[in-house]
Amino acid sequence: MCVLRPARRPLACGIVAITNLNVRLIVWRTTKPSLETLLVKEILLASLIWFLLFVSVLGTVAYRRVDLRTSTIVAGVALLIYSLFGAGHFVWFILLWTSYAGLVALNIDDFRRNKITAPLFEIYKTMVPTLSTTEREALEAGTVWWDGELFTGMPNWEVLMSLPPPKLTDEEQAFLDGPTEKLCEMLDDWEVSHELADMPKRVWDYIKKERFFAMIIPEEYGGLGFSPVATSMVLVKISSRNIVAASTIGVPNSLGPAELLIHYGTEEQKNKYLPALARADEIPCFALTAPRAGSDAAAIPDTGVVSKGIFDGREIIGIRLNWDKRYITLAPIATVLGLAFKLYDPDHLMGEKDEYGITAALIPTDTPGVETGKRHLPLDVPFQNGPTRGKDVFVPLDFIIGGPERAGQGWKMLVELLSAGRGITLPSNALGGSKAAVYASGAYTRIRKQFNLPIGQFEGVGEALTRMAGYTYIIKSGLTVTAVAIGMGEKPAVPSAILKYWCTEFGRNIANDAMDVHGGKGIMMGPKNYLARGYEAVPIAITVEGANILTRSLIIFGQGAIRCHPFVLKEMQAAQDPDYERGLREFDQLLFSHVGNAVSNAARSFFLALTHAKLSDTPIEGPTERYYQHINRYSSAFALAADIAMLVLGGNLKRRESLSARLGDVFSAIYLASLVLKHYEDQGRPDADLPLVEWSCRTLLYHAQEQLHGFLRNFPNRFVAATLRLCVFPRGRTYFAPSDELGEGIVQLITHPTAARDRLCAGIYKTPGPGNPLGQLQEALEMAEQMTPLEHKIRDAERASVIAGEHPLDKIDQAEKSGIVTEEEANQLRMYDSQVMDLIAVDEFDGHELGTKTSAPKRSAKKPAAKAGAGRASKASKKAAKSKSSAAKSKSGKSKAGRSK
């Protein structure tokens, strides 16, 4: 009987009818598949298709993160269809329906809570470490913002894109254009750093007069009331000019007495201190670091004991303080000292507690027992910094910031406000120095020639310039967008740690590259060196406000894994809830939401990696769309890896610092990449900036990929690592670092006077003038553009053997005589050469000018012989001066002539 489909029935019946032809039948069977084989293949193909459809439905539900009840309904319908139309062994379907029955059971709240969650709850409670008050306050401090979205693995881009672009008020812009510009003009880096080891009195007076110390103090207390964005822009400009001034101004506007008083002080404390701080009648500092504690700030040994004592001639209940602090900026000149210490009350004079924990108080430095130490010298960058000590210093309880009610809350207060120092001040100083380095290096590598070419045209130098520009763009993006969020009321502790670490590290890389491309010019100290002090200051930023190694290894992921995760901190709080039933109900909801989130991230990681994220939703269309998609992908992969790491390693993850650091790197990379995209949108999507955006995103996302790879390669459980790798890299590592061609485009942007160069380096002190090398370099760069056609004329004449010579000025003379260039053009070339030689010159000193104990040497009566080329240079200078009136016809030539004299 023929059982095949009608289309194939004639052929089959014909074969059956001639069964007596055995030989022919055998031949047919050896050359054609059997009917049974065809049938089996069709059945298997159909079964595979139905199975894939079934799995696709489940994967889509997981990818879209559908709730449990809806997921159960959809899964049931899909399984029913698969059972009716799919093919497979009955045991397979029994297994599927049994699994589905378990899924249905999870929807029954009482069953799930009592039979599944309760036993897990008991186990979890034994695993969760007991958090000290200090640890809990640190974890709960601040707010969760865009960082929390990235931790979900499915970020809601509207949270980031709804943030308004940065904008200054008229008053803020006027301050930036007026007093800030004037202050930069007054600063002389060599005078401050070498001659005085301090800012001169005229500068100190101006800073106090214009209320630079009061930018964050509200106007009602006499301050300027600036936004974080404005404060940042002021610090960027000042740090591009002088790091001593920037550090001095940054501290009072960062984590310190003013910030603490604004948020936590009593009305009496605010009214007493804030107006005085705004007028600079009081100079503040804040003392946290102790010699025996270092980075472990929670372990400070400084103490305050509640006791009775005499203050202002009467007996009161107060605090007897003993401390020893170091590395305290402004301590040598401070009049009021913010102090962190551990508060004890053994006699219960304040309350029932024996120990309150870390407390912050405000101590006038003229209080008996307060000792202001001498000065530290941080890497030859002489901002006011030194130790402070106190022995048996007795003060009233009212000296506690916020009053006695705030006793023991000092650590929480400090952590909540770290966003100012970590998220604003240090990144701003890094950005100012980085912008200045890029601005100077771009111009210098255009005007400085070797082998008859501007050194910026050499690929090795270009590679360094590309890194400098790209890293600066990342710093600028991260700082600006985060500053806007802080101004909107966010206190993002983890993003602030990310900014502190990465901005200062990028700043270090930029300083190194700037030194490399400047060569000998960069390493010779003196008034002509505009790089060295910033280069020296880099390790200071690396060290303060939480050393970078500590920040990367422990804080970014260690704090982020709990604080930013959508469930972990809440699960810990539920486990420690004294009300067992309430804690169990809360834990039950959180646990299964957490499981669903992890399953979703596994599905999303696999699908996005498999498709290279090309189908992922994005908030923006256009040339940057793909980077949003890649961030979606790595967000899911990171969230999955973080969940698995915490599940498998538990508390050991804290001790596996290398793994924690790699996860922190992934988190940092996607955070910064997303802010690069937001910054590009805020600037109006200028097409010329696209190379910078692409380089920045590609660099960050490639780093995320490689750090994920490193995490999986070093994960101790190899089976889990292999499974994770299947989800995260099913196609292998497919993301690539930026191309050389892209870098070449960036070099062209910053070595020529382009709009992109101006945008990247906007906000630094670059006003032309004899005391500002950045302004002089920019003028030389603009003049180089004008001189290029004339230089080409001379080069062509030299190649044609019309002129000859070794010295550039000789060639100009010959070109003028030969009529290749006019007299005016020749004079312009001479002035340009003189200007370039001034900019590439370095300083020289007598020995007694350098050593503090070196005496002036006796000079020989015999005059030294003139150096080779000195007469030629003198002749050139006279010729250049003679041509001043001719060159004055052009605006550019006029400004150069004035300085060449």
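Biologist: Arginine 533: buried or exposed?
Modeller: Arginine 533 counts as buried, at 7% relative accessibility (buried is under 20% relative accessible area, exposed over 50%, partly exposed in between, with a 1.4 Å probe and protein chains only). This is a predicted model, in which local features need pLDDT of at least 70 and side-chain atom pairs count only at pLDDT 80 or more, while totals for chains, interfaces and linings use all residues. Residues are numbered from 1 along each chain as its sequence is written, and side-chain values use heavy atoms, with hydrogens and water left out.

Biologist: Which side chain does arginine 533 meet in a salt bridge?
Modeller: That of glutamate 536, at 2.9 Å from N to O; a salt bridge is a side-chain nitrogen of Lys or Arg within 4 Å of a carboxyl oxygen of Asp or Glu. Glutamate 536 counts as partly exposed, at 23% relative accessibility.

Biologist: How many residues apart are arginine 533 and glutamate 536?
Modeller: They are three residues apart in helix α21 (residues 532-543), so about one helical turn separates them. Helices (H or I, at least four residues) and strands (E, at least two) are DSSP runs, numbered from the N terminus.

Biologist: How many salt bridges does the structure hold?
Modeller: The structure holds 31. One of them pairs arginine 112 with aspartate 588, at 2.7 Å from N to O. Arginine 112 belongs to helix α6 (residues 109-127) and aspartate 588 to helix α24 (residues 580-610), so this pair ties together parts 476 residues apart in sequence.

Biologist: Are those two partners, arginine 112 and aspartate 588, buried or exposed?
Modeller: Arginine 112 counts as buried at 4% relative accessibility, and aspartate 588 is buried with a relative accessible area of 0%.

Biologist: What about arginine 389: with which residue does it form a salt bridge?
Modeller: With glutamate 371, the closest N and O atoms being 3.4 Å apart. Arginine 389 lies in strand β7 (residues 385-396) and glutamate 371 in strand β6 (residues 370-372), 18 residues apart. Arginine 389 is partly exposed, with a relative accessible area of 32%, and glutamate 371 counts as partly exposed at 40%.

Biologist: Changing topic, where is alanine 511 found?
Modeller: Alanine 511 is in helix α19 (residues 493-518), buried with a relative accessible area of 13%. Its C-alpha atom is separated by 5.5 Å from that of tyrosine 535, 24 residues apart along the chain.

Biologist: And where is phenylalanine 226 placed?
Modeller: Phenylalanine 226 is in the loop between α12 (201-209) and α13 (228-239), and counts as buried at 11% relative accessibility. Phenylalanine 226 and glycine 487 are 9.5 Å apart, C-alpha to C-alpha, and 261 residues apart in sequence.
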